[in-house]
Amino acid sequence: MLMEQWAHRFFELSTELFVVLGAQGRVLEANPAWTVTMGWSPTELRLKGYRGFVHPEDLESVEARLELLTRTPGTTRFSCRWRRRDGTWAWLIWSAASAAEGGPLYCTVRRMESPPALERVEAARGTDESGAVPSWTLSDGLPLGLYVVEVSSGTVLYANHRFCQLWGIEPLEGAIRKGQVSHEDVVDHCLHSGEAANFLRLSPCAGLDGVPLHGDEAVLASGRTLRRLCSTMGASGDASRYRLFAFEDVTERKRTEEALHRSEQSFRKLIETAPEAIFVHREQRFIYVNPTLLRALRYEHAGELIGRPIWTIVHPDDLDVVRQRVHAVVALGEFAPLREIRYMRRDGTWFDAESAGLPVDFDGERAVVVMARDITERKRMQAQLLQSDRMVLAGTLAAGVGHEINNPLTYVMANLESSMETMHRLGGELGRMLPDGALAPNWSLTLKDTVELLKEAHEGATRVRNIVRDLKYISRQDEERRELLDVRESLEFSLKLASSELKPRAQVIKRYEDVPHVHADASRLGQVFLNLVVNAAQAIPEGDPNNQHVTLWVRPGNDGGVAVDVSDTGSGMPSNVLARIFDPFFTTKAVGAGTGLGLSICHGIIRGLGGEITVRSEPGRGTTFTVRLPPAPADAMPREAPPMPAPSSERSGRLLVIDDEPAVGRSLARIIGKRHQVTVVGSGEEALTKLNSGGPFDAIFCDLMMPGITGMDVYEKVREREPGLSLRFIFITGGSYTTRARQFLERIPNPRIEKPFDAQMIQQLVGEVLATET
């Protein structure tokens, strides 16, 4: 059976033309070489038979020879013209053999480089007078160089044209045909081709004993490669009298084979070093795996997977999908497009991969190749981008909402503060004028209850103000002051602020290592650590501080920066909570106990510093937040000492308040109007009219953003006309800036206050401006 397989493979892969002829000129079988040489496929040859291809002038001669061969088994040689697919004619030389009368004819066919000369054809019909060796003139059209020598005498009996051409001795061809050249003469003329001339030596060929043919190769001086076939031959009783040499130029074939070999090596190297995991399976079992797959699955050797079912590396939840895809590739021959599949590692963990499969021929048999790319890191980056997108969206929303809330909140808080002051003053006056008694029973209790209501309302407004300030951190529209910092100082400051939360719950464990400085805003970084420490404390119930811990570990980071862990021994968090822990407005605390902005603000601050914040947690095993910050750049400026406060002024002055929200202007006037003369206007146009009328103002509170003429426009016009007065502007902002407003505030030296107002800060600013010389 093995020999039959070899014979069939030789028939299919040979570059020579083979054909089997049956009765009535029918082509029973032809090998694929016909397609390359003549353009006809084996199927097309079988449909028409040889009569449809032989030249009409040659048909009678061909049929006569083939008919004789079918009646008398043996061999015959002949030539004819054969029609190619493009319509041209090619000369073919046929060697046909019949094994039995009426049986099929087995033919070997070669293409002739040129038509046979008439005299050569005639000579081919006879034999040498000695009857020893036929005059094979028809072989001149063969691609092989044939050479026959009588061993004992060194007489050259035959050399075809191709032999002389291959060895570069065409000038000797005529003399050889006339018997005027000896074998030694041929060898001498072939020596210019280099050591390859040794192929013509008549010393016994290695391996001839018991082996009719022996192949070898040599490179000529011209760089061409020759392949030699040599065989002993002779008449009966003297089987080794003659030596037959056949030479073939295999240069192009060798180049093709070498190129194919290099291509195979390159392809294998490409597969072996590809970043994608690649494996091949047949009958759902591994037959090849590349190193990338082994590393991804954490195996050491391919032998650990070869032969195993492919299902062993598929996540159980994905098995149904993978079986459907394998069936589509194997049974239907379809391409399995990219799809996310989870693969199981050797240790039982799994990873996400994009996988595709397609049918291929592997080692001569049908198989399936699968390519998979680990997308774990990509999914992590996508999650971070999604989180960043959420933060950007929340920031845009926060900026607009905060600005809109700040205006009414400003005068609500200012009015509440004024109302409480009025109630206190009213209570004191009534106490002096009308003590409790029969005429006004319980009036002081009623007044006290009213004050308490105002306090609760003010506390609620203060809480709203704090929420708006948190929203500003998300929008990142407030000014940032970065400086060289030691994170341990920020942690210590945060611990002091959180001490009231920590003491009844846990002990603090500090693991501070020497770390480099970072470049950050001290207040923002402190806000991050305070939020993390307070969250860690609140994750632990009160009542058992000796057995609960909050651990702070400061250590150098892998990239030369700093890493800070804030760990607790609290209740931990499930995976569904961890997935949303940094989302704005997401909180696990009770209603009214948290806004859900703390961790999202921390995330935004750390990302803005070029770092990252991650979390690990398991229910019942506590939580660890890790903050990683990059090292400070080489040109970072050291921390500046805080400026000394300017001395306040006790004198009164005339103040102008410019705000398009009337209630805001009135509330600001009430705050500063106790000692000063205040004028309130509601637009930029009205403000310019007042200022141009020559009214002397000692300080000007000006809203930055107003419809029509903005506060920036008012400032620029005043600076052109009276530069000294422009230094007395104090700008009012609602927390939302346009690009122009941001650039304006960065350029000018004037102070600014944010809504809602802090009365003490306003009084201090007024005092500083009034204390400045005109």
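Figure 1. Gly561 sits in the loop that links β19 to β20. The model is predicted: local features need pLDDT of at least 70, side-chain atom pairs count only at pLDDT 80 or more, and totals for chains, interfaces and linings use all residues. Residues are numbered from 1 along each chain as its sequence is written, and side-chain values use heavy atoms, with hydrogens and water left out. Helices (H or I, at least four residues) and strands (E, at least two) are DSSP runs, numbered from the N terminus. Gly561 is buried, at a relative accessible area of 0%. Buried means under 20% relative accessible area, exposed over 50%, and partly exposed in between (1.4 Å probe, protein chains only). Leaving aside neighbours within four places in sequence, Gly561 is in contact with Pro516, Pro556, Leu629, Pro630 and Pro631. Contact means heavy atoms within 4.5 Å. Gly561 and Gly611 are 50 residues apart along the chain, and their C-alpha atoms are separated by 9.3 Å.

**Figure 2. Strand β19 and its partners.** Strand β19 (residues 549–556) pairs with strand β17 (residues 507–512) in the parallel sense, over six bridges. Two strands pair if DSSP finds at least two bridges between them. Lys510 has Leu552 of β19 as its bridge partner. On to strand β20 (residues 562–568): β19 and β20 run antiparallel and are joined by seven bridges. Val564 in β20 stands opposite Val554.

Figure 3. Side chains alternate along strand β21 (residues 612–617). Ile613, Val615 and Ser617 point to one face and are buried. Strand β22 (residues 623–629) runs antiparallel to β21, and six bridges join them. Ile613 has Val627 of β22 as its bridge partner. Five residues lie between the strands of this hairpin. Gly620, in the turn, has a positive phi of about 85°.

**Figure 4. An open sheet of five strands.** The strand order is β2-β1-β5-β4-β3, with antiparallel pairing. The edges belong to β2 (27–30) and β3 (75–83). Each has a single partner strand, so one side of each is left without a neighbour in the sheet. From one strand to the next, the twist averages 30°. Strand β1 (residues 17–21) pairs with β2 in the antiparallel sense over three bridges. Val19 has Ala30 of β2 as its bridge partner.

**Figure 5. Helix α4 on the sheet.** Helix α4 (residues 56–71) packs on the sheet and touches β1, β3, β4 (89–98) and β5 (105–111). The direction of α4 makes about 150° with that of β3. Axes are lines fitted to C-alpha atoms, for helices over the stretch in contact, and angles run from 0 to 180 degrees between N-to-C directions. Asp58 is found in α4. Asp58 counts as buried, at 12% relative accessibility. Leaving aside neighbours within four places in sequence, Asp58 is in contact with Cys80, Arg81 and Trp91.

**Figure 6. Helices α21 and α23.** The axes of helix α21 (residues 711–721) and helix α23 (residues 739–747) come within 11 Å and cross at roughly 40°. That makes α21 oblique to α23. Angles under 35 degrees count as roughly parallel, over 145 as roughly antiparallel, 65 to 115 as roughly perpendicular and the rest as oblique. The crossing of α21 and α23 is left-handed: the near helix is turned anticlockwise from the far one by less than a right angle. From α21, Met712, Asp713, Tyr715 and Glu716 make the contact. From α23 come Arg740, Ala741, Phe744 and Arg747.

Figure 7. Most residues other than glycine have a negative phi. Gln284 has a positive phi, near 60°. Gln284 lies in the loop between β11 (277–282) and β12 (285–289). Gln284 is partly exposed, with a relative accessible area of 26%. Arg298 is not a glycine either, yet has a positive phi of about 65°. Arg298 is found in the loop between α10 (291–297) and α11 (319–330). At 45% relative accessibility, Arg298 counts as partly exposed.
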